Amino acid sequence: MAGPIKAKFVEKEHAVVDGVDISGHWNRMFEQRTIFEYTPELIEKIASIPNAESFANCYQCAKCVPVCPVDVVGNYGPRKLYRYAQTGMDLTEAPELWLCTTCKNCLRVCPKEVDMVKIMPAAREQAILDGKFVPAELQQAFENTAKSGNPLGQPQRKRDAWIQNAGVPIPIIKDLGRPVDVLWYVGSYPSYHPRGIDAASAAARTFTALGIDFAILGKEEKDDADSQRLAGEKGLFEMMTEYNIETFNKYEWKELVVTGPHELNAFKNVYPKYGFERPVIHYTTFLARHLDQLKPLLKHEVNVKVTYHDPCYLGRHNGEYEAPRKLLQAIPGVELVEMARNRENGYCCGGGGGGMWMDSFTQKHTKMRLSEKRAMEAASTGANVLAVACPFEVSRFEDAVKSTGNEHVTVNDILELLDKSMRGEQ
Amino acid sequence: MNIVVAIKHIPSIADELPVKGNNVDFDSVDFVLNEFDEQSIEQAVLVKEAVGGAVTVVGVDLIGELDSALHLALAKGADKAVKITADEPGADSHMQAKWLADAIKALSPDIVFTGVQASNDLDGQIGPMIAAYLDIPYIGGVSSVEASDHTATVNKEFAGGFGAKYAVTLPMVVGVQAASKPPRYAPISKVRQVAQTATIEKVVPSGEVNAGLLFKKMAPPVVTGHAEMIGGSSKEVAAKIVELLKSKGLA
């Protein structure tokens with residue numbers, strides 16, 4: 001390839017336009033030139049993948065770069081990816097393919113609607129189907145989901161083992177044998193991860209205290225696999241979707257309440273394409289709707305300064321910013337402070353789009369974890385509690401507050417704080 | 001090149017192992033593909049990709065659920081799948097080796113891959129016994145294979161970080177410790193496509209053979225000890241470790 005070729009320019013020695021003298025260098029123009037330095041081939045390669053077409057829309061305005069959470073800890077953003085492709089990077093073979101968390105902050109500001117939430121899964125799927133490099137940890141999460149029904153690789157028949165210690169009876173819809181108002185989809189991390197189980201148990205106690213007629217699927221519940229889809233495993237997602245829709249439709253219920261924003265996204269926004277169109281709601285929205293009944297139950301003061309982290313898939317992807325804040329403000333003693341990046345501009349924890357299972361890989365290509373950046377931001381508000389509403393986040397941020405020396409910040413799901421106020425310190 | 005991979009379906013140890021009578025409670029445990037077989041499938045496909053030929057994957061169907069493991073192998077690049085319909089969940093390595101050898105003999109292979117061992121009986125006997133039944137050599141603990149027409153170069157691992165390179169004449173049986181590359185990922189869409197279109201050849205197990213092991217009793221291990229945390233400065237800790245090793249007659 002030839003080196004950069006300097007463009008030639010032309011000047012008119014004498015020129016007057018509308019009475020203004022623009023002679024000499026004032027009218028300088030560049031001659032038409034052919035650009036040899038870069039080829040559009042690698043951009044077209046991505047844009048030719050179905051659903052990744054908008055990659056070619058980029059006109060390099062760079063509005064996406066400052067809002068890209070990965071750029072804050074590295075050198076990233078859609079505009080940069082386009083430029084890398086222009087100068088020789090094949091995205092389907094580059095580590096950059098796996099760094100996007102599909103947080104959607106770039107799309108929010110993009111005037112050309114370059115949609116990384118569609119481009120990345122499509123390009124990743126292509127790479128996986130072509131047998132290109134897939135980070136080993138991600139491969140493990142895919143295999144676990146396919147084999148065990150959850151990315152953690154835990155046995156399916158232990159999915160409801162947590163209910164034994166929840167402190168309240170939790171009905172399984174199959175055993176109940178009657179319609180319920182609420183089918184509560186617990187989710188994989190709340191079912192298996194020790195800190196997720198804390199949140200699930202708190203949710204069960206809260207629903208019970210509110211007198212909600214609810215049940216769970218128990219051993220019939222399997223992962224939503226939305227993050228696996230976004231990480232490029234559409235086939236796996238479709239396999240899980242077929243199973244889940246069939247399972248949901250076996251029973252009579254009015255509303256599906258989910259613990260996690262990723263499940264909300266799957267069931268509400270993606271499942272309709274597969275024929276499932278029934279009411280789905282995140283627990284924060286659901287509980288905010290019951291706020292009048294909930295408030296009298298919040299008897300004990302919880303004297304903490306709380307900052308709330310907006311999960312990308314609850315906020316930007318599904319527009320829910322206020323319900324979590326209403327719940328936190330309803331807790332007596334809680335002082336809510338905001339981080340600099342909040343609501344629409346909330347900073348990603350790094351767990352979305354499969355990032356949950358690529359921490360070791362992404363660490364090699366970034367200065368620090370996104371969760372660490374966010375934990376530092378939370379600590380800088382002076383808050384002593386970082387409140388979250390996504391089951392991916394408790395474990396991510398608990399690690400991050402430790403690794404950044406901010407152990408004085410406790411990480412709690414909103415469910416745990418509500419439970420604390422209902423029951424007092426246990 | 002005619003390549004055969006012998007695989008083994010084993011009880012999953014993702015959960016605690018349920019015991020019934022003097023053996024595993026096979027009705028309440030999931031069966032999974034032996035981990036080392038994932039390596040041997042990969043090595044077989046790598047050899048095929050290097051020199052051409054076809055890979056046949058063959059396994060004993062112990063509980064009627066082997067198809068998914070065979071589909072996975074086909075999605076990763078195997079060309080043909082054979083299952084030996086034994087329906088005997090407790091069949092050990094001796095019994096499986098006999099059935100596998102009979103099925104493999106009919107395929108007249110140039111090279112047979114097995115996992116070096118499996119985590120259930122841990123005896124590493126399937127490979128050597130197949131080799132004995134077929135009357136061809138066996139090499140185990142293998143970490144890479146490069147084959148040409150009638151010969152192969154095989155890396156074998158020894159303890160202490162040592163390795164040796166062998167030039168071998170085919171046919172032979174190889175017990176794979178690790179493939180020369182990490183096992184590839186088979187996308188689910190491909191596995192499902194294979195599951196809908198592939199035909200799995202069925203073979204009835206032949207020949208009487210005795211089990212290699214007789215189970216007298218099976219029980220979860222009894223917890224007898226616990227880890228001791230040694231505190232103090234690094235010098236103090238080092239001194240305590242030395243003292244401890246001396247007291248056990250290890251230093």
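These legends accompany close-up views of a predicted model.

**View 1. Overall architecture of chain A.** Chain A is made of 20 helices and 12 strands. Along the principal axes, its C-alpha atoms fill a box of roughly 90 × 45 × 40 Å. Of the 426 residues in chain A, 48% count as buried. Among contacts in chain A with a separation of 6 or more, 76% come from residues 24 or more positions apart.

**View 2. The four-stranded open sheet of chain A.** The strands of this open sheet follow the order E10-E9-E11-E12 in chain A, and their pairing is parallel. Strand E10 (335-337) and strand E12 (410-413) of chain A are the edge strands, each pairing on one side only. From one strand to the next, the twist averages 35°.

**View 3. Pairing of E11 with E12 in chain A.** Strand E11 of chain A covers residues 385-388 and pairs with E12(A) in the parallel sense, over four bridges. Within this pair, Val388(A) stands opposite Asp413(A), a residue of E12(A). Strand E12 of chain A, residues 410-413, is an edge strand of the sheet.

**View 4. Helix H16 on the sheet of chain A.** Helix H16 of chain A spans residues 322-329 and lies across E9, E10 and E11 of chain A. The helix runs at about 170° to E9(A), the strand formed by residues 305-308.

**View 5. Helix H20 on the sheet of chain A.** Residues 414-423 of chain A form helix H20, which lies across E11 and E12 of chain A. Relative to E12(A), helix H20 runs at about 90°.

Technical notes
Residues numbered from 1 in each chain as written. Chains lettered and ligands numbered in written order. Predicted model: local features only at pLDDT ≥ 70, side-chain atom pairs only at ≥ 80, totals over all residues. Helix = DSSP H or I, 4+ residues; strand = E, 2+ residues; numbered from the N terminus. Buried ≥ 20, exposed ≤ 12 C-beta atoms within 10 Å, placed from the backbone. Contact = placed C-beta atoms within 7 Å. Pairing = 2+ DSSP bridges. Axes fitted to C-alpha atoms, helices over the stretch in contact; angles between N-to-C directions.
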